[in-house]
Amino acid sequence: MDQSRVVGIDLGTTNSLVAYMEGDRPVIIPGEDGANLVPSLVAIDPDGKVIVGNAARKHLIETPDRAVYSVKRLMGRGIDDVQNELKLFPFHLADDLLPGEVLRIKLGEHTYSPPEISAFILRQLKRNAERYFGAPVTKAVITVPAYFNDAQRQATKDAGRIAGLDVLRLVNEPTAASLAYGLDKKTNATIAVYDFGGGTFDISILKLHEGIFEVIATNGDTHLGGDDIDNLMIAVALDDIQGEFGFDLRRSSEAVQAIRKAVIDAKIALSTQPHAVLDFDLPDGKRYQRTIPRELFEQFIEPIIKRTIGPCNQALADAGLKPSEIDEVVLVGGSTRTPRVRQLVRDLFQREPHYGLNPDEVVALGAAVQANILSGASDATKDMLLLDVTPLSLGIENLGGVVAKIIHRNSTIPASATEYFTTGVEGQANVAIHVLQGEREMAKDCRSLARFELRGIPPMPAGQPRIAVKFLIDANGILHVSAREQRSGKQAEIEVQPSYGLTDEQVETMILESFDYAEQDFAERQVVEARNEAETIRAALEKGRNSAAWEKLTSDERTKIAKLEAALNAVKPGTDYQAIRGAIDALNQGTMRLAELMMDDAVSSALKGRTFDQASRKLGEGPEAPHPFAKAEIK
Amino acid sequence: MPRKSKSDSLSESALQVLNGNGEHASCWSCGDMVAAHFCNACGKVQPAVPADYFSFFGLPRKLNIDLSALEREMYQLSRRLHPDLYTQASEQEQTWSLEQTSQLNDAYRTLRDPIARTRYLLILEGFKSEEQSIRATETARTSGQPKQSPVPAELLEEVFEINMQLEELHMNKKTAEDDYALTAEVQQAQHKFEQKLRAMQGELRTLWSAWDTLIDRSASGDTATTDERRVLCLKMLGLLNRHRYVQHLVREISDALES
């Protein structure tokens, strides 16, 4: 294939996945452990090694100050935004953070920004895909909550870059889910996607028509998810323990993490059982056990779940539709497994929601479909096209703090608007513009996106310059600004100060730093590959021992082979690449005559000089796997 | 390279877009003389040309528009121009695709909504409403006041009355008093203003038809329509301003009743 593959990635709050289009179906690429889901957990072990996914779980419990979860909730946000969140999470911000600086979190001895932490997860997914394909993977489509603002989207793109991925497109999660859903439907319909995940909630209303997926309206809450349910139940448990046993476990990160695990287990059990037991060991050796009936759990979480109703009604209003005009409701995200949530959706939309698709995987599958639309690798998507919208209105701040909206929410993207500015003072060379996102009238109630300074305006009397500023929201939902002074025709330079983001220089530095991790990866990969080769030789030698050629060897030769094999077995489990490599080469050398003899038996004398495992493969019984993790290709 | 889709045969209507000098542009890739948003011959996307929204869709400047035809054309053009189809193309083509598609979406959004469509046409004809003038924008920017529209003369009395009522409602909220009679009156006023809005929309459609007739006459050689067009534009401008004012009022009443 002349084009490198484009994969689809769901970078989730709780779990992340990577997928690609195999023929006419999207398929999840599993990790080395065979699991489809990679928990969005990152830990740094005492040696400074980065651990991602399931393997990081025990670090989270044992050394919570060296681990982080749900980093998605911190992407594109500032110190003030996250104060409340951080009270509930065990991790700490860097001590030396200045106001207005990008967040950094302490992980062991170092600090990392949220995009860097997300990049560790992305790098793991990239590795999984490369292992699967046996080839490099450099291009990806990454999903984001539909309601993510500009800063959150930019942070996600930055994370991709740091991980060595060319992010071809950011796709909104509900839209991606609709792609997976609509792939084999080929119907024209109006659908609502209710996406309730670990950290974010999105509701999108789409029109499907002849393969075009057109978003009509979208709404949501980027701080509403399963994590909030967990945190509530943790608080309930902590209070209960304090009341019953008298001690306050809030201070102990280890205890809180243990409680968190118990609470999540119970929550999941309650989706299919009428009771669950909260069960864990207390510090002084006692055992805490509390049975929770489903009704009680539902009472607790009702206020959280109810928060999804407002956005749903707003989206319907913006779409100009009544619930009865929706043909299908699709459920996405682990939190939609909760029976009370399904009931709420049923009541809101007055129909049975569709949950035939795995709510944990559907977004990644949809991302793979979009990746295919972009790359055209398989014909399955050749008539499909996604038309998405910007979720938040874009505005400019005027004097007095009033916001003038220039691009309204739910405008199909790419979209643009041109505004005209002039100067207030003779010879003024710069004009400052403050751009915000949000629906409120006042700037202080909206989300600051960035401050732009237009520079190099030719000197003119006040009020004379006519500067046309073009605001363009691209297909990723990210803003670009360009300006031209119309009387002189001069393109104005624009200096951007993002309110909550990394500058280009910072990202470049992080990309360079990430090469160090890549080296660590590379060394690891070499060892893994060498071990795989050793395993292949072992299998071949097994065949050799059972062949007629074995009898033709002298007993000295056979002893020598046995010694070399033992030597390889000794170093194989270790991490010394050179040693393994050396032992492989020695064994190959030592079995060369055996290989030749086996070849002679197979008649072809032209194969003399090949290594042993090559020879045994030629004798082979059946299809040859190109590498250990791919399915054998039947030619 | 953009991939051909099965809907190709339906969109041979690629309209001719004029470049700055008023000449037909030719395709940068294959030199074909009839270039448009994309070349009919080789399919390559063309540089975006500053065009008004009506020309972008190959439509005359008439105010009655077949919305389902417009939607179909938008879908067809999206299938040819959308950035998703150009991620493997040259950077230049990617830029053109982005510009073309944002123009497409801006045009569609504007033409689809009756009020936005009318307002846009008036701008093209040189009639800006008071709010839209650069002067008004600058005044708003430097004075801190939102852009104002004057109260329509025939509504002065009713507007005065409803403002009083809203003020009273607001006071009642502060003292937690419930005046059912007042609320009922305000609700009645809301219905009345909503009715006015609908009536104005009907009026607008009448003016549209008058406008379209004038355009037809111009197209068939009648050169004496300038004065009539001017008069009609001023009528539509006035109507839009009154409509905007009442719309704002209805929203204010609705907010007051809700809280």
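Student: In which hand does H6(A) pass H7(A)?
Tutor: In this predicted model, the axes of helix H6 (residues 226–245) and helix H7 (residues 253–269) of chain A come within 9 Å and cross at roughly 115 degrees. The crossing of H6(A) past H7(A) is right-handed.

Student: Is Ile301(A) buried or exposed?
Tutor: Ile301(A) sits in helix H8 (residues 294–306) of chain A. The cut-off for a buried residue is 20 or more other C-beta atoms within 10 Å. Because Ile301(A) has 21 C-beta neighbours inside 10 Å, Ile301(A) counts as buried.

Student: Leaving aside neighbours within four places in sequence, which residues are in contact with Ile301(A)?
Tutor: Leu331(A) is 30 residues from Ile301(A) in sequence and 19 Å away in space, C-alpha to C-alpha. A contact requires C-beta atoms within 7 Å. Beyond the neighbours within four places in sequence, the contacts of Ile301(A) are Ile229(A), Leu232(A) and Arg340(A).

Student: What arc do the buried residues of helix H16 of chain A cover around the axis?
Tutor: In helix H16 (residues 592–601) of chain A, the buried residues are Leu594(A), Ala595(A), Met598(A) and Met599(A). They lie on the same side of H16(A), because the arc they cover around the axis is only 140 degrees.

Student: What is omega for the peptide bond that joins Ile413(A) and Pro414(A)?
Tutor: Most peptide bonds are trans. Pro414(A) lies in the loop between strand S20 (403–407) and strand S21 (415–421) of chain A. The bond joining Ile413(A) and Pro414(A) is cis, with omega about 0 degrees.

Student: What is phi of Asn410(A)?
Tutor: Asn410(A) is also in the loop between S20 and S21 of chain A. With 19 C-beta neighbours inside 10 Å, Asn410(A) is partly exposed. Asn410(A) is a residue other than glycine with a positive phi, near 65 degrees.

Student: Which element gives the largest share of the side of domain 1 of chain A that touches domain 4 of chain A?
Tutor: The centres of domain 1 and domain 4 of chain A, taken over C-alpha atoms, are separated by 41 Å. In the contact, 10 residues of domain 1 of chain A meet seven residues of domain 4 of chain A. Helix H3 (114–133) and helix H4 (150–162) of chain A each give two or more residues to the domain 1 side. The largest share, four residues, comes from H3(A).

Student: What percentage of the residues in chain A are buried?
Tutor: Chain A has 17 helices and 26 strands. Its C-alpha atoms fill a box of roughly 100 × 75 × 55 Å along the principal axes. Of the 635 residues in chain A, the buried share is 45%.

Definitions and conventions. Residues numbered from 1 in each chain as written. Chains lettered and ligands numbered in written order. Predicted model: local features only at pLDDT ≥ 70, side-chain atom pairs only at ≥ 80, totals over all residues. Buried ≥ 20, exposed ≤ 12 C-beta atoms within 10 Å, placed from the backbone. Contact = placed C-beta atoms within 7 Å. Arc of directions from axis to C-beta. Axes fitted to C-alpha atoms, helices over the stretch in contact; angles between N-to-C directions. Left-handed = near helix turned anticlockwise from the far one by under 90°. Domains from an automatic or database assignment.
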